[in-house]
Amino acid sequence: MWDAVPAKAFFTSAFSCRTFARRFLATAVVLVTALLNTSAVYADDDQNTAAAYSDKGLQLAHAGDLAGAESELRAAVALMPNNPEFLSNLATVLAIDKKLEESTSVFKKALELDPANLTARRYLAANLWQLHKYPEAKTNLEMILKQKSDDAPSRLLLGMVLENMKDYAAAVRMFASVPEEVEKRPESIGALAVSYYHLGEGPKARNTLAKLQNHPAGQRAVLLGAEIADQNADYETAERLLLSIAENYAGRADFGYRLATVQYHAHKFEQSEQTLLHLVSAGNAAAEVFNLLGWCYQELGQSEPAIHAFEQAVNLRPNDESNYLDLEKILLEQNKVAAALEVAKRATDACPKSPRIFITRGELEVRASQFTNAVASYRRAAELESRDADAALGLADSEYAADLRKDSYGEFELGLRKFPRDHRFPLHYALALLKEGEFGDANSERRAAKLLKSAVSLDPSSADAHYHLGELALKDERIADALLEYRKAARLDPKNPKIHFGLSKVYRRLGRTEEASQEATLFEKLQEAKPGASIVPAQSQ
């Protein structure tokens, strides 16, 4: 969990399916207006009554009364449940009102009755896209284009869908077929730029984003472009876009924070620091400002100011767990375990319903050899979120460390059943059983070997599992197997001293003294480079 980045996200994304789809479905209001001018002839009383409900519903929708429109259109559908026009009208109003799941269901029923209704199918595709059902949206759009290949709105939406499906080359081709449609909307311009970035065509992405600077959508479009450039590590472009509208945002805390964030991502830590300090001096002392300022100080090697900044963030937003987590990380990097643990205790008081907070407290208590306390912390985390594998594994590990062997084995067995694809449970269980094997328990050792093989099958990149399989093989005089496992471990974790010590042992058994000596020398060098290495929490292994 101890990532070398701030815990909180820096941007609230403006580049979303729903932002684009609201504009896309805004054309539905035009459709509603058109329907108001369409007269229909119905043969009987039910049809006439249903038509009256439908007409009134469309009038209400046009006036912006979506709740009233929905009520009238439901009445029309209740009288004529197999009328595709009434169903499509209801589905459209539901979509405009963001009731996407129900709208999708109603559109599908309408299309079963009238599969040739391209408008209804396009709106269905827009719903599916917003619901992140991209393959189904793509299928419906392709059906439209088979019937009407020049349908520009469908081509535009298909480009958006393809970008979300990460088929960037196809997205670019689709966008290129409707350039005028693309340039109407900042979101589609952004999607095209994203596609170019992922295809490694940075200059084309930058040229595309440049179109946002004079877009009719105004500064919102520029902010979107800066966000996209930042997310794609084009920090120079992101900063240039932000600075192009800086005068209009003078004194705005949110703008200053965005700019400081881009500068931080670009490793311009001193510039980011100055931008943030300017915000603070102007009275914009928000928690996220101090959080980012803390990271700037940390990157600049100023430990005490970093700690102070994170403390300020905690004080300003005492119920935000991310500030506690970041402060704990900074203290740990300075090997201040006791201070980090005090912060963790404050965090559990402030955020008593957060599993992650209790997990990190458990990790710190393990580092401080407070195993009984760690058991309590992990148990609370597991109570708050029974599906959290980190909590379950931490509980099993800490119970073993606290000499609660029976309880620990029970938790490991439960973890094997609840998290059958998580290699850490068989690995950690095996390591616990191997301790028993040191005291002559052959059954524990055999079970450990099976668990280690299971861990390797789940995650072949587990150096720890390969190393311990090598140890067991060497103990059983299976020298060739031991060499194979040690070599695999060394490839996966070449800077782990114990692995090279294992290789030195097996080479001596094989009489390859020169290689044994080389591995022993490497072991000593690596061991010297890691003096006093601290206990690694189970979750980060």
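Contact here means heavy atoms within 4.5 Å, and helices (H or I, at least four residues) are DSSP runs numbered from the N terminus.

1. Basis of the note. This is a predicted model, in which local features need pLDDT of at least 70 and side-chain atom pairs count only at pLDDT 80 or more, while totals for chains, interfaces and linings use all residues. Residues are numbered from 1 along each chain as its sequence is written, and side-chain values use heavy atoms, with hydrogens and water left out.

2. Helix H27. This helix covers residues 442-458, and its end C-alpha atoms lie 25 Å apart.

3. Burial within H27. Ser444, Glu445, Ala448, Ala449, Leu451, Leu452, Ala455 and Val456 of H27 are buried, a term that means under 20% relative accessible area, with exposed over 50% and partly exposed in between (1.4 Å probe, protein chains only). As a general point, an α-helix has 3.6 residues a turn, so residues three or four places apart point the same way. The cover over the buried residues of H27 includes helix H25 (405-418), helix H26 (424-437) and helix H28 (463-475).

4. The H6 and H7 pair. The axes of helix H6 (residues 100-113) and helix H7 (residues 118-130) come within 9 Å and cross at roughly 150°; axes are lines fitted to C-alpha atoms, for helices over the stretch in contact, and angles run from 0 to 180 degrees between N-to-C directions. H6 is therefore roughly antiparallel to H7, the class for angles over 145 degrees. From H6, the contact uses Leu100, Ser103, Thr104, Phe107, Lys108 and Leu111. H7 contributes Ala120, Arg121, Tyr123, Leu124, Asn127, Leu128 and Gln130.

5. Positive phi values. Lys98, a residue other than glycine, has a positive phi near 65°. Lys98 sits in the loop between helix H5 (84-96) and H6, and is exposed at a relative accessible area of 51%. For Glu477, also not a glycine, phi is positive and near 65°. Glu477 belongs to the loop between H28 and helix H29 (479-492), and is exposed, with a relative accessible area of 52%.

6. Cysteines. A disulfide is a covalent bond between the sulfur atoms of two cysteines. Taken as a pair of cysteine sulfur atoms within 2.5 Å, the disulfide count is zero. Cys296 is buried, with a relative accessible area of 0%, and Cys351 is buried at 7%.

Notes: Helix = DSSP H or I, 4+ residues; strand = E, 2+ residues; numbered from the N terminus. Expected span 1.5 Å × (residues − 1). Parallel < 35°, antiparallel > 145°, perpendicular 65-115°, else oblique.
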